[in-house]
Amino acid sequence: MSIEVRGLTKVFNGFTAVDGINLKIETGSLVAILGPSGSGKSTLLRMIAGLETPDKGEILLTGREATHVAAKERNVGFVFQHYALFKHMTVFENIAFGLRVRKDPEDEIRNRVFELLNLVQLQGLEKRYPSQLSGGQRQRVAVARALAPRPTVLLLDEPFGALDAKVREELRDWVAKLHEESHVTTLFVTHDQHEALEVANRILVMNHGRIEQEGTPLEIFDEPATHFIAQFVGESNYIETTVSEPGLAVWGPIRFAVEGQAVGQRIRIYFRPNDVYVTGDFETLQVRAQIVKTRFKGPVIELRLHLGEERYIFAHVPKGVSLASGFKEGQDVWAGITAYHTFPVDPGEYQGAGI
Amino acid sequence: MKPESNIPTGGDAHLRALTEPPWVRRSLIVAALLFIGFFLVLPLVMVFASALAKGFQFYFDAIREPMALAAIRLTLLASFISVVLNTLFGLAAAWSITRFEFKGKSLLITLIDLPFTVSPVISGLIYVLMFGLQGWFGPWLSDHNLQIIFAVPGIILATVFVTFPFVARELIPLMQEQGTEEEEAGMVLGATGWQIFLKITLPNIKWGLLYCVILCNARAMGEFGAVSVVSGHIRGLTNTLPLHVEILYNEYNYAAAFSVASLLALVAVGTLILKKIVEYKYTDELKAQKEMTATGGEAP
C-alpha cells in the first residue's frame, strides 16, 4: 500500500473542504481523483504532499505514519497545475533542484538529469529557460523535476488543466505511458472526466469533500453509485418521476422497470444518450418520438427527441447510422432505452426539473 | 502568447485620432519643458556653477576639508546601516505578510507606512522625547553613560525610521504577485527553508529588491529634517552631508556649501541612472512572472 488515508478532514474558515476521507492506493497504480471544482480534491492531494496540515485523520506513506512529517521529508513528487517551474533556472537546473538540495555528487546529478530528459523526451533542451518552452514542454519539465529525486509517489494537481485540447490529449497518452515505464504510484486530480476515464486504472469520484465512489473507469461509467456521479460522469438524460405500482415507474410514454423501490417513492432515472436506441424503420420499439433538433458532435449525431407534452430526451447516434437512416429534423421515429440507473430522491433534497 | 505580428498595429492611427491640434500640442510640450528646465535643470546647473565659482582648486579643497570628510563618512555610515537594517526588516515583513495568515496583518501593513505620513521633523522629535536627557529613557541612558541624542546612534535611528517603508512597500506587492507555488515546489523537492529563500525567493525578487535598496539609499543620504533634530550639529562628529551644507550656507560660505551640495546632486543623478537600468530589468522580471502564470501561456 503506497498511500493510505484515514478519516482525513480539513476545514477552511468553517468550510469543510475535505470531510473524513478514507482511501488506499496500491503501490504502482495510476489513480485519478475526479470531482467538480470545490469538491476538495486538490486539498486532499496537498495534504498528502504535506502542503496543507489536516485538522483530523492520518496519512500513511508506504506504510509509515506521515501525518506530521514535513513536506520535504515525505519523498513525494508533486506537479503543480501551473507547473511552478523555477523561472530563473534552466531546464537542467530545474530538474536537478531536488538532487542539488540534498547534495548529490555532481556526476550523479548529470546522469540522472539526462536520464530524465530522455524519459520526458526533451533531449537537447536542457539549456533553455522555462519561458522559452511551450506549455506541453513545461509540463514535461515539471514531471521530470518531480521524478528526479525518485519519489515513492507522484502527485499531479490538474496536470493538463492549463493546456489546449490537442496538447492535452497527447500528454494524457504520455502520462499513461510514462507510468507504464516508471511504475511510480501516481495519483492525479482532475475535473475532466475524459482525462480520468482514459488515463487512470482506478478512479475516486469526490463531491463536497467526500468520496462518492471508487472503482475502475468502466464501473464508474456504467454503474454510477450516486445520482451525482450519474450526472457528473459522462452525459446523461435525467428525469424525475414516481414509482406508480410495484416495480414500475412511468414517464410519459416510457415505462421503466424499477426494483426495490416502494410505491409512491420519488425517483430519478438517468440514462446515457448513447443508450437511447433510435430507429425510423421498426415499430417494435416502445416509444414514439419526433426529432426536433439534430446536432453534429463529431463521431456522433445528437438528436433531441420530443416524446409528447413537455418531454424531451437526447440520443446519440453514430454518425454513419444517422446518415444511413437519413435522420432529419421533424421526422417521426421510434426510440428505446437500453440501460438506465435509478436513484431515490431524498424528501428534503432540492428537486430539479427534468429535461 | 500570441505572435505579436498578428495584432494589427494601429497605434499611430489611434494616436493621431486622439491628439489635439498642432498648436495645442506644441504649447503643452513647451510648457512642460519650461517647467522642467526652470524647476529641475536650472537649479542643478546652478549647484555645479556655484560650486565651481571659485575654481576647481577651491571646489576640491571644500570637499577634502576634514569637517566635510567627516560629514561624508557619517552620511555613508548612517545610510549603509539604514539600508542593511531596512532590507532585512523589509524582507522579513514582506515574507511574513505575503506567506502567512496572522492576526493584525492589516494593522502591520498600515504601520509600515507610518514614516511616510509623519513629518520627518516630528519623527526626529519623537526620538528626542524618548532618548533625550529629559526623555523617557533619558535618565537610564545617562546613568549608563550612553548617548543617543546629539550623537551618531540618534542619527542612525532617525535615518532608519525615515527610510523604513521603502523595501517592505515595494516587495509586498511583488511577492504577492509571485505567489507561493515555486516555494512549495522547492519544499516538496526537499529544500530547507533557507535553501528555498536563497535559491528560489531571492532570485525571483532580486531586481525589485535592488530597486528599493537604491531608492532607500538615496533617501537615507539626503535625509535632513529628522536628522537635523537629533544631530545637535556638532561639526566633525554629528554632521551629515545635508547638515554640513546648511552650516556652510548659514556662514555665507556659498561656494563651499555648493561644492558639498554638488556631491549630493551627483548621488541623485547616479541614483536616477541606476534606477533606470534596474527598472528596465525589473519590468522584465514582472513581465516574465505574468507570462509564466498566465494559463496556457506558450513560448513564441
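In the predicted model, chain B and chain A bury about 2600 Å² between them, 61% of it on carbon and sulfur atoms (buried area being the accessible area, for a 1.4 Å probe, that two parts lose on being put together, summed over both). The contact, meaning heavy atoms within 4.5 Å, takes 26 residues from chain B and 34 residues from chain A. Two salt bridges are counted between chain B and chain A, a salt bridge being a side-chain nitrogen of Lys or Arg within 4 Å of a carboxyl oxygen of Asp or Glu; Glu184(B) forms a salt bridge with Arg46(A), in which the closest N and O atoms are 2.6 Å apart.

Within chain B, helix H10 (residues 165-178) packs on helix H12 (residues 193-222) at an angle of about 160°, with the axes 9 Å apart, which makes H10(B) roughly antiparallel to H12(B) (angles over 145 degrees count as such). By class, the contact of H10(B) with H12(B) has 11 nonpolar, four polar and two charged residues.

Helix H4 (residues 66-99) of chain B packs against helix H14 (residues 241-250) of chain B at an angle of about 150°, their axes being 8 Å apart, and H4(B) and H14(B) are therefore roughly antiparallel to each other. Met67(B), Ala68(B), Ala71(B), Ile72(B) and Thr75(B) of H4(B) make this contact with Leu241(B), Pro242(B) and His244(B) of H14(B).

Residues are numbered from 1 along each chain as its sequence is written, and chains are lettered from A in the order in which they are written. Local features need pLDDT of at least 70, side-chain atom pairs count only at pLDDT 80 or more, and totals for chains, interfaces and linings use all residues, while side-chain values use heavy atoms, with hydrogens and water left out.

How values were computed: Axes are lines fitted to C-alpha atoms, for helices over the stretch in contact, and angles run from 0 to 180 degrees between N-to-C directions. Helices (H or I, at least four residues) and strands (E, at least two) are DSSP runs, numbered from the N terminus. Angles under 35 degrees count as roughly parallel, over 145 as roughly antiparallel, 65 to 115 as roughly perpendicular and the rest as oblique. Ala, Val, Leu, Ile, Met, Phe, Trp, Tyr, Cys and Pro count as nonpolar, Asp, Glu, Lys and Arg as charged, and the others, Gly among them, as polar.
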